[in-house]
Amino acid sequence: MKILLYNPDNGVTRNFMPHLWMFLLQALTPPEHQVVLIDGNAQPMDEAAIARYVHENHIDLVGIGAMTRMVAKAYRMADAVRAVGVKVVMGGPHVTEMADEALGRDGGARHADAVALGEADQTWPKIVEDAARGKLKDVYAPVDDFGQERKPSLQPYPEIPWDKIKLDQFNLLPGILHPLLKRVGAGWGTFRIIPMESGRGCPYGCEFCTVTGFFGDSIRFRTNESVVNELLLLKARAKEEGGQIAVFFIDDNFAINVKRTKSLLRDIIAANAQVHWVAQISANLLRDEELVDLIAAAGGKWIFIGMESIDPLNLADVKKGFNKPGEYGVVLDRLARRNVFAITSFIFGMDNDTPGVAERTLKEIRSWPPGLPIFGLMTPLPATPLYKRLEAAGRLTRPKHWQEFIPFAMAHTPLKMSIDEAHSEVRIGWANSYSPAAIEKAVDSLNHKPLGYRINILIARLCFRGIYFPSMGRFAWLKTIIENRRTIIKLIRQAFGGGLHAAVPSVATPPVAEQPR
Ligand code: B12
Ligand code: SF4
């Protein structure tokens, strides 16, 4: 068979990084089948285009994966594929929780011929085999012969052939710049961010999160050797194509077992397998000075920290009381001393939030080393404890919010403010963190560091700004650049005054979260 794995675009920004599930399932597909990958964030497609593609390329089976926020688009694309007579299998966190919706068993239209529940590492080869025999079942669940749920151990872990996979659609550098950048000769022919996992599962069970329910509370790790080998493969590829590769460790909590993380980082250093990387780690685990030393030495550049709120009552409400707002600043200083910076994520519209929460949060943020703050709204994702609590309390205003996805819009009423007030708080958070004045201040706060760090924070802030204020088109980008011209010109002057080479080494990882192009 010829199989297409497709990930729909999120409809707001373009993702900066391909989705790991596609590469993983490709690596797990029996070799007699051919697999092509299309990420809608990199190659935008509408319903007519996917139907045409499937028809013209003689695709026999389409696999679609989606988070809740992209599922409406995923269903439309699935409908278009099924309309030309090709079978569709869907998987991922949304359809795992809402399989009946995908299969049309809830009274709505059917979108998928089959649904893969949960982690599909073991079910995928079976799905492919059944599809090839024309015997697809409706539901595939990762269970053993006795019907007990079976989670993949990650040992062994499939080898993703990063040295051979075609990655053209995932180059973040605009095509127009390729010839120029290649001539600069500083290894900037391409720039890609590659997702990699070193483990799965999280025991913390925060109320709003899908992860504990989906991956389970038992944590599973790959061997250090397998992670190191994958890094070495990526490093070799970057060298060969004269480009840059950075890694995003997508583990929900990269340091959940500190002892094991330290041993992995030591092995990365010993094998000289360092590339620049980003990882998600909760603040409580970053108290450990030795861990932070190893992160820096092993190539860690940006740490994503789910701070959620600066209000301990809010954190207790959502079962995230292990976050201690009083130590946020100390943790960020500890990282910054090693030139590691943080992407700090906040949620507004929590039950104890009142108008003014954005300004109170911004005041704290301004006292920290410069980073990349991001702001979202409390969102009841299907099957989470939060969803169940709000549903039982009759507080859901849009119980099936995913059917009509609206970015940055609440689907329930907060307790101490209105929905409109919560929306306005998020707007204040973004506008104040990514205004030209705020960007200039963040850049200037690194005046005591080499120029590369200032360029790094400028590029990252400009890109992150696009999560809330999408700068998709050339005109929008031009406007952003003009608005920030003071800071840009200042840095150009410093670069030429101090010699360009002083700037190059440390900008090698623009830690872009949502990379608009
Ligand atoms: C990396 C990541 C991101 C990246 C982007 C995604 C990317 N390019 O990789 C970033 C940081 C940008 C991000 C952002 C967001 N994310 Co996110 N993200 C993740 C994370 C940490 C890892 C995803 C991953 O690769 N997992 C590892 C792979 C192997 O697992 P998987 O994708 O689930 O795939 C397995 C199965 O699901 C299945 N499968 C998946 N697809 C398919 C398809 C087929 C055909 C089949 C057969 C099987 C199958 O097989 C795979 C192997 O077992 C997950 C949490 C997690 N641990 O998964 C959250 C997660 C996916 N994100 C989540 C959310 C909510 C978001 C945000 C909305 C947060 C926010 N409020 O802004 C944004 C929205 C992003 C956007 N613009 O669309 C939720 C989604 C829940 C839901 N019901 O949709 C998750 C589960 C975390 C959570 N807190 O609950 N995210
Ligand atoms: S620590 Fe992170 S991944 Fe784990 S349950 Fe809480 S929000 Fe989810």
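Predicted model: local features only at pLDDT ≥ 70, side-chain atom pairs only at ≥ 80, totals over all residues.
## The open sheet

An open sheet is built from 6 strands, arranged in the order E2-E1-E3-E4-E5-E6, with parallel pairing. Its edges are strand E2 (34-39) and strand E6 (139-140), each of which pairs on one side only. Strands of a sheet are joined by backbone hydrogen bonds, in either a parallel or an antiparallel arrangement.

Val-115 has Val-139 in E6 as its bridge partner. Helix H2 (residues 47-56) packs on the sheet and touches strand E1 (2-7), E2 and strand E3 (61-65). The direction of H2 makes about 160° with that of E1.

## Helices H17 and H18

Helix H17 (residues 436-444) packs with helix H18 (residues 451-468) at an angle of about 155°, and their axes are 9 Å apart. Angles over 145 degrees count as roughly antiparallel, so H17 and H18 are roughly antiparallel to each other. The crossing of H17 past H18 is right-handed.

On the H17 side, the contact involves Ala-438, Ile-439, Ala-442 and Val-443. These meet Arg-454, Ile-457, Leu-458, Arg-461 and Leu-462 of H18. By class, the residues of the contact are 7 nonpolar and 2 charged, with no polar ones.

Technical notes: Residues numbered from 1 in each chain as written. Chains lettered and ligands numbered in written order. Heavy atoms only, no water. Axes fitted to C-alpha atoms, helices over the stretch in contact; angles between N-to-C directions. Helix = DSSP H or I, 4+ residues; strand = E, 2+ residues; numbered from the N terminus. Parallel < 35°, antiparallel > 145°, perpendicular 65-115°, else oblique. Left-handed = near helix turned anticlockwise from the far one by under 90°. Contact = heavy atoms within 4.5 Å. Nonpolar A, V, L, I, M, F, W, Y, C, P; charged D, E, K, R; others polar. Pairing = 2+ DSSP bridges.
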